[in-house]
Amino acid sequence: MRVPGVVFASEALLAVAHDDRSLEQVANVATLPGIVEASYAMPDVHWGYGFPIGGVAATDIDAGGVVSPGGVGFDISCGVRLLVSPLTVGELAPNMSQLMDELSRRIPRGLGQGAVWHLAGVRELDRILERGAEYAVASGHGSPADLERCEDHGTLEGAVIAGVSERALERGLQQVGSLGSGNHFLEVQVVDDVFDARTGAAFGLEQDRVVVMIHCGSRGLGHQICSDHVKAMRPAMDRYGIEIPDPQLACAPVHSPEGEAYLGAMAAAANYGRANRQLLTEACRQVFGLVAGTEQLELLYDVSHNLAKIETHEIDGVPRRLCVHRKGATRALPPGHEALPADLRQIGQPVLIPGSMGTASYVLVGSETGGAFHSAAHGAGRVMSRHAAARQTRADRLRHDLEASGVAVRAASRRGLVEEAPMAYKDVDEVARVCEEAGLARRVARLRPIGVVKG
C-alpha cells in the first residue's frame with residue numbers, strides 16, 4: 001500500500017462491510033501507481049469489480065499516475081437527477097394510479113433495446129457521444145435551463161469516438177432514453193422531512209412537495225467500452241512495469257496511449273449517459289403534463305457517480321492535477337466552488353443519495369469540510385447479492401408489501417423486482433447520517449417513494 005485506506009462508516013455499516021471483500025479492495029486500490037492521500041471508501045461501500053463500489057482514489061498525473069477502468073465501473077456515468085414539481089402529494093393523489101400506468105407505458109426499461117429517442121443513425125449517435133445532454137437539448141429535448149443544473153453543463157469534454165468500438169456503438173444505437181435493468185429506476189417521491197429549511201427552500205424542497213428521481217447510466221455502450229479497454233490495458237501493464245495485486249485493477253498511466261484512449265472513450269460514454277437521463281426527463285415531463293396538468297418539472301441537479309475526472313486539488317499544500325476515480329461515489333462540491341452554477345454557488349452542490357424501493361432517498365449539500373476530494377456516497381449500497389435477494393422473497397409478496405406501504409410499483413420483470421428488494425440494501429438513513437457526521441455533506445431533505453418504475 002502506497003497510501004492508507006480510509007473508510008467512512010459507523011459501527012453498524014462497518015460490520016456489514018466485513019461480510020464481503022470490499023475492505024480488501026480498499027487496500028488493493030492503495031497500491032496503484034501515483035495514488036495520493038488515501039484510498040477512500042464511502043459509507044455505502046460494498047464489493048465491486050477491482051475497486052469497491054463506493055471507492056474514491058486520485059492519482060497524480062504528472063508523477064506517473066494511472067487510470068483504471070475498474071475505478072469507474074462498467075456503467076460509465078451512471079448517475080442520478082432530481083426533478084422538482086409544483087405539486088403537493090395531496091394534489092397528485094387522485095391521478096397517481098393513472099400517472100404510474102402512463103410512466104410504465106412510456107419509459108423503456110429492462111434488458112435489450114427500446115428507447116425514447118429513435119436516432120437517425122450512427123452519425124447522430126456520434127453527436128450524442130461528443131456533446132451529451134447539450135446535443136439532446138439542442139435537438140429539442142429539454143431547455144437550456146436544464147444544462148445549468150447538470151454536472152459539466154451536460155457535456156464531459158475530451159470525448160474521442162475513435163476509442164469506441166463498433167460493438168459499443170451497435171449496443172448504444174437503440175437505447176437513448178431507457179432505464180435498463182438492475183438497480184435503475186424512475187421514482188415519484190414526496191419530501192418527507194426537511195433538515196435544513198434554508199437550503200431546502202433554495203432547492204425548492206418543502207414538506208409534501210412531489211419530486212421525481214431518475215437513476216440510470218450509459219447502458220450497453222458504457223459496459224462494452226469498459227470491457228474493451230480493460231482487455232487492452234492488461235497486456236500493456238508489463239510495458240509500463242506496473243504490478244497490481246488484482247487483475248481487475250488493470251490500469252495504464254494517464255499519459256499513455258492506453259490511458260488517453262480509455263479517458264476519451266469514457267467521456268463519450270459519459271455524454272451518452274447524460275443524454276439518456278435528459279431524454280427520460282422529457283418523457284416524464286410529457287406524462288406529468290398529460291395526467292397531472294403540468295410539465296413543470298424543474299431539474300435540481302444531475303450528477304454522475306461512475307467517472308474518472310481530471311481535477312486540481314492541493315496535495316501537501318501544492319496544487320496538483322489528479323485523475324480522480326469515483327466509483328459508486330458522487331461529487332459533493334462545497335459552497336463557492338467555481339464548477340457550480342451561479343445560482344447554487346453560495347449554497348453548494350445538491351448531493352443525491354437514492355435508497356431502494358420502499359425506503360427513503362436523501363438530498364444533501366456539499367460541505368466546506370468535505371474530504372475525499374469533495375466526494376460523498378451515491379446510494380444505500382448492497383448487502384445481499386441479486387441471487388441471494390431473489391431467494392428471500394417472491395415477487396407477488398414484495399409487490400403486495402410495497403403497495404400496502406403506499407408505494408405503487410411498475411416493474412419490467414418479476415425477477416428484476418425481487419433482486420432489488422429493500423432487504424438487499426443497507427440502511428440509507430444511516431448512510432446519510434454518516435456522510436453528515438464525517439463532514440462529507442450535510443443533510444437537506446428526506447424523500448419518501450410513492451411510485452416506482454423499475455428497470
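**Cavities, helices and a sheet**

Reply: The largest cavity has a volume of about 40 Å³. A cavity here is a set of points, on a 1 Å grid over the protein atoms alone, where a 1.4 Å probe fits but cannot get out. The volume is the space filled by probe spheres set on the points, which are joined across faces, edges and corners. This is a predicted model, where local features need pLDDT of at least 70, side-chain atom pairs count only at pLDDT 80 or more, and totals for chains, interfaces and linings use all residues. Residues are numbered from 1 along each chain as its sequence is written, and side-chain values use heavy atoms, leaving out hydrogens and water.

Me: Which elements give two or more residues to the lining of the largest cavity?

Reply: Lining residues have an atom within 4 Å of a point, and for the largest cavity they are Glu151, Ser304, Leu307, Lys309, Arg326, Ala329 and Arg331. Helices (H or I, at least four residues) and strands (E, at least two) are DSSP runs, numbered from the N terminus. The elements giving two or more residues to this lining are strand E10 (306-315) and strand E12 (329-331).

Me: How many charged residues are in the lining of the largest cavity?

Reply: Ala, Val, Leu, Ile, Met, Phe, Trp, Tyr, Cys and Pro count as nonpolar, Asp, Glu, Lys and Arg as charged, and the others, Gly among them, as polar. The lining has two nonpolar residues and one polar residue, and its charged residues number four.

Me: At what angle do helix H4 and helix H11 pack?

Reply: Two packed helices are described by the angle between their axes and the distance between the axes. Axes are lines fitted to C-alpha atoms, for helices over the stretch in contact (heavy atoms within 4.5 Å), and angles run from 0 to 180 degrees between N-to-C directions. H4 (residues 96-106) and H11 (residues 257-292) have axes 10 Å apart and pack at an angle of about 145 degrees.

Me: Which are the edge strands of the open sheet of five strands?

Reply: Two strands pair if DSSP finds at least two bridges between them. The sheet has the order E1-E2-E3-E11-E10, with mixed pairing. Each edge strand pairs on one side only, and these are strand E1 (5-7) and E10.

Conventions
1 Å grid on protein atoms, 1.4 Å probe; cavity = no way out; pocket = protein on both sides within 12 Å on 5 of 7 lines; lining within 4 Å.
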